[in-house]
Amino acid sequence: MPVERTEQRGVDELRKYYEVYETIGSGGFAKVKLGRHILTGEKVAIKIMNKKDLGEDLPRVKVEIEAMKNLSHQHVCRLYQVIETSTHIFMVLEYCPGGELFDYIVAKDRLSEEETRVFFRQIASAMAYVHSQGYAHRDLKPENLLIDENRNLKLIDFGLCAKPKGGLSYELMTCCGSPAYAAPELIQGKAYIGSEADVWSMGVLLFALLCGYLPFDDENCMALYRKIARGRYDNPRWLSPGSVLLLNQMLQVDPKRRLSVRQLLDHPWVMKDYNSPVEWYSRQPVYTHIQKPKYVIDECLNIETELTLTWRYDQTTATYLLLLSKKQKGKPVRLRPEP
Ligand SMILES: O=C(Nc1ccc2c(c1)CNCC2)c1ccc(F)cc1
């Protein structure tokens, strides 16, 4: 069978469940296309990877899929379905039409402290949840934070995340992520704690939001590493004393002197104008067994009262999650009549 035939078969499997539209993003080894789930009519983002092009990156995709299957949170991009064929892997993900936070910052040059606080609280919520599930993200940067249709942030790209066997207090060794956001201990090849390295990246991200440029930057990689290891950076004059203090507490070269994510949740700067700590619990707990789903998705899906939905991330999972999402958005929960 000629190659293009098997490739076509791969996409045919996808087209059984989704209409596929234009490309809305393309990263290293993946292309992201706008899609629509036929049964519910909901828009989705379909991350398309050709196994041939993945090469040694295939394990990273598997890491991301396994992590995203276990993560369900209002500020983590939701995985609805995984379709794997002999030639392709398709990840059907939550639709985020606001694009990357990176582009948002570039378009506005820099954000006000108030607007930064709204976004930063969402990032802290996502990271506290991800850490509570035993994961370190390890590649936090504005390119990996997308804006959804309600201007809420959604964390993506768990391809470099780690879930140490002994828990997050176990040390990691792999040096990964984008240098400009990487913690000193990570780029120096020392053993490091994933959650502590994530807090450093959050500090770099906070600086980027408030300033519109990076605290440590150099086109020469080694010069950049030296600047990060030294940990010295200039605070522009428009930063408030509260912002300067918080940045200083997050961008501590010694990870043991760095704030923890938990300390961030009720930090005075984070609480300003809100007077309440960041809510990090998931509003979308991952059910392993759905009891009596009728009150959840009405009569729409006629399934027995006792439904044990094993999360296969197949069509059933996608339909259930997309119906749930519709309901949460207050949209009418209807399945399209069979064509
Ligand atoms: O929804 C996504 N991107 C998206 C969707 C719509 C639009 C954009 C990005 C950017 N241009 C405007 C329209 C998306 C979602 C998940 C993901 F991993 C990668 C991308």
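1. Burial is used throughout, so its cut-offs come first: buried means under 20% relative accessible area, exposed over 50%, and partly exposed in between, with a 1.4 Å probe and protein chains only. By that scale aspartate 218, at 23% relative accessibility, counts as partly exposed.

2. On the basis of the values: the model is predicted, local features need pLDDT of at least 70, side-chain atom pairs count only at pLDDT 80 or more, and totals for chains, interfaces and linings use all residues. Residues are numbered from 1 along each chain as its sequence is written, and side-chain values use heavy atoms, with hydrogens and water left out.

3. Searching the whole structure gives 21 salt bridges, a salt bridge being a side-chain nitrogen of Lys or Arg within 4 Å of a carboxyl oxygen of Asp or Glu. One of them joins lysine 227 to aspartate 218, with the closest N and O atoms 3.2 Å apart. Lysine 227 is partly exposed, at a relative accessible area of 35%.

4. Glutamate 42 sits in the loop between β2 (31–37) and β3 (43–50) and lysine 329 in the segment after α13 (315–328), so the pair ties together parts 287 residues apart in sequence. Helices (H or I, at least four residues) and strands (E, at least two) are DSSP runs, numbered from the N terminus. Glutamate 42 counts as buried at 5% relative accessibility, while lysine 329 is partly exposed at 39%.

5. A further salt bridge is between aspartate 157 and arginine 60, with the closest N and O atoms 3.7 Å apart. This pair links distant parts of the chain, 97 residues apart: aspartate 157 is in the loop between β8 (153–155) and β9 (171–172), and arginine 60 is in helix α3 (residues 58–69). Aspartate 157 is buried at 17% relative accessibility, and arginine 60 is partly exposed at 25%.

6. Is lysine 141 buried or exposed? Its relative accessible area is 16%, so lysine 141 is buried. Lysine 141 lies in the loop between α5 (113–132) and β7 (145–147). Its side chain makes a polar contact of 2.8 Å with that of serine 178. A polar contact is a pair of N or O atoms within 3.5 Å; within protein, one must be able to donate a hydrogen and the other to accept it, and residues adjacent in sequence count only if both atoms are side-chain atoms. Leaving aside neighbours within four places in sequence, lysine 141 is in contact (heavy atoms within 4.5 Å) with Ser178, Tyr181 and Leu205.

7. Three strands form an open sheet in the order β6-β7-β8, with antiparallel pairing; two strands pair if DSSP finds at least two bridges between them. The edge strands β6 (99–100) and β8 each pair on one side only. Between β7 and β8 there are three bridges, and leucine 153 in β8 is the bridge partner of isoleucine 147.
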